[in-house]
Amino acid sequence: MGRPGLNRRQLITGLGGLAVAGSFGFAALGSGADALASSAASRVRYWNLFSGGDGSNMIAMLDAFRKANSGIAVKDATLQWGNPYYTKLAMAAAGSRAPDLAVSHLGRVAGFAPGRLLDPWDTDLLAKFGVREQDFNPALWKRAVIDGKLYALPLDIHVQLNFYRKDVLKKAGLLGDDGLIVPIASTKEWFDALKAAKKATKSGLQTVGIHANDQNFAWWFFVAFYTQLGGTYFDEAMTEVTFDEGKATQVLEFLRQHVTDGYATAGAADAEQFMNGSPFTWEGNWSVPVYSGAKIEYSAAPLPPVFGKQATHAESHSFVLPHQSDRGGSSNEGAHRLAAYIVKNALAWAAGGHIPAYTPTLGSAAYRKLTPQNEYVSAMDHQATEPKAWFSGSTGTLAARIGPVVASSTLGSAKPAAAAHRMKNVLETLLAMKNPMDGRTAAQGGGA
């Protein structure tokens, strides 16, 4: 638990990366290992956490940048995904050994002591390289701004999706005339769809994979459906918990019903079952290359709006500038140029499943031709995100504390109402805690 491993880091390898990059004219030629010995006018040291297909696509994009910018030598390094990456990045920034450019999940930025461990972006310099605020979804850009300064440059959003087998749903009568899943707008309609799909499913396969015993997926799905109900976590000043136990209980009961009614099997290999004929699985969009590579008849839509409002969990890969006491000069300019280039030329990245943050790419004809991306692109406009606080973000403290509580309810070891009350207690505890990065509570600046 704690890492979307099999779907993203094992199955994806060899299925999506090099093939996707090659289809857009990129070739994964190397990792810039000779950058230190380069005679280029400037050098950019760049850290990321991308492996598997994502890593292959990023390498291809870096090599395209090198070809177009021979005066900048890029030395890139891929570090271990998750908390090991963030720990090393924080230590490097605190110890004057930071790279010029790095990747961070947007949800982690508020906790990374902006102004101490992160430097703000020079928006004028970004504009010089063709990247401006108006080129991004307003809500996404706002999440990257802290204390009036831009501390993250979004590359994408990656969302949780309802993947479905078209061949099975056709037998179940759940496909519309357009060949896509019929609209679902309530919990009753969703469970009716599962009932019909189950009858059309091969024996031995679950109806829907929901990663019932994984703390990260449990939390991500909770965030999505709790947002559909209009639920909040804290007030704007980050001084009071506004968590609604009643709404939370509704969500927990909904998730639990998938197991109690026999539609989801705890501990099942969800991705493999889907490829073998299971009609539904809830996964991150990074699974697109996996299922496309498997040559199955499928598509993907945002998580069903069962509580009436569209909202699906979203995080964002973004570029950050780790703190350097002497930041400036050609390396800093090179970091801005590199990040802007990748953001503007992220079609290959989007083909790997991610929704591009840069709206000119998002609205391009080439992107709109991608399937199933063109079915879930609307998720950009109804993102369900974690609260903007130091303890939030991918593999962050909030997920580690609350994810197991959600999972315990889904698996039946805790009653939904009791789990909801426990979740509120966790939120109260976190609100009073100080960010270990800067010693401030969320109200004192960790989430502003």
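**Entry 1: the largest pocket.** I sorted the lining of the largest pocket by class and got 17 nonpolar, 11 polar and eight charged residues. A reminder to myself before going on: this is a predicted model. The volume of this largest pocket comes to about 950 Å³. I then listed its lining, 36 residues, and noted that Arg143, Thr385, Glu386, Pro387 and Lys388 lie nearest the centre. Which elements give two or more residues to that lining? I found α6 (138-143), β5 (145-146), β12 (312-315), β15 (383-384) and α20 (442-446).

**Entry 2: the second largest pocket.** Here I read a volume of about 270 Å³. The lining has 16 residues, and closest to the centre of this pocket are Ala301, Pro302, Pro304, Pro305 and Gln310. Sorted by class, the lining of the second largest pocket holds 10 nonpolar and five polar residues, with one charged residue.

Entry 3: Rolling a probe the size of a water molecule over the atoms shows where empty space is left. I asked how many cavities of 30 Å³ or more there are. The count is two.

The largest cavity has a volume of about 60 Å³. I found 10 residues around it, with His158, Trp220, Trp286, Glu315 and Ser394 nearest its centre. At least two lining residues of the largest cavity come from β8 (156-165), and at least two from β12. I also remembered β12 from the lining of the largest pocket. By class, I wrote down three nonpolar, five polar and two charged residues for the lining of the largest cavity.

The second largest cavity has a volume of about 50 Å³. Its lining is made of Ile210, His211, Ala212, Phe217, Ala218, Phe221, Leu255 and Thr410. Six of these count as nonpolar and two as polar, and none is charged. Which element gives the largest share of this lining? It is α9, with three residues, and that sent me to the helix itself.

**Entry 4: helix α9.** I checked the length of α9 (residues 215-228) first. At 1.5 Å a residue, its 14 residues should span 20 Å, and the end C-alpha atoms are 20 Å apart, so the two agree. Is the helix mostly covered or mostly open? It is mostly covered, as 14 of its 14 residues are buried.

Then I looked at both ends. At the start of α9, a side-chain oxygen of Asp214 comes to within 2.9 Å of the backbone nitrogen of Asn216. After the helix comes Gly230, which has a positive phi near 80 degrees.

**Entry 5: around α9.** His211, already noted in the lining of the second largest cavity, sits in the loop between β9 (208-209) and α9. Its phi is near 50 degrees, a positive value in a residue other than glycine. Buried or exposed? With 12% relative accessibility against a cut-off of 20%, His211 counts as buried.

Phe243 counts as buried because its relative accessibility is 4%, where buried means under 20%. I also took the C-alpha to C-alpha distance from Phe243 to Tyr226: 9.9 Å in space, for 17 residues in sequence.

Entry 6: I went looking for a cis peptide bond and found one joining Thr371 and Pro372, with omega about 5 degrees. Pro372 is in the loop between α16 (365-368) and α17 (373-376).

Asp147 also has a positive phi, near 55 degrees, and is not a glycine. I located Asp147 in the loop between β5 and β6 (149-150). Asp147 is exposed, since its relative accessible area is 57% and the cut-off for exposed is over 50%.

**Entry 7: the whole chain.** To finish, I stepped back. I counted 20 helices and 15 strands in the chain. Along the principal axes, the C-alpha trace spans about 65 × 50 × 35 Å. For 448 residues, a compact globule would have a radius of gyration near 22 Å; the chain has 22 Å, so the check agrees. As for burial, 59% of the 448 residues count as buried.

Key: Residues numbered from 1 in each chain as written. Predicted model: local features only at pLDDT ≥ 70, side-chain atom pairs only at ≥ 80, totals over all residues. Heavy atoms only, no water. 1 Å grid on protein atoms, 1.4 Å probe; cavity = no way out; pocket = protein on both sides within 12 Å on 5 of 7 lines; lining within 4 Å. Points joined across faces, edges and corners; volume = space filled by probe spheres on them. Helix = DSSP H or I, 4+ residues; strand = E, 2+ residues; numbered from the N terminus. Nonpolar A, V, L, I, M, F, W, Y, C, P; charged D, E, K, R; others polar. Expected span 1.5 Å × (residues − 1). Buried < 20%, exposed > 50% of the residue type's maximum accessible area, 1.4 Å probe, protein only. Polar contact = N/O pair within 3.5 Å; in protein donor to acceptor, adjacent residues only side chain to side chain. Rg over C-alpha atoms; globule rule 2.2 N^0.38 Å.
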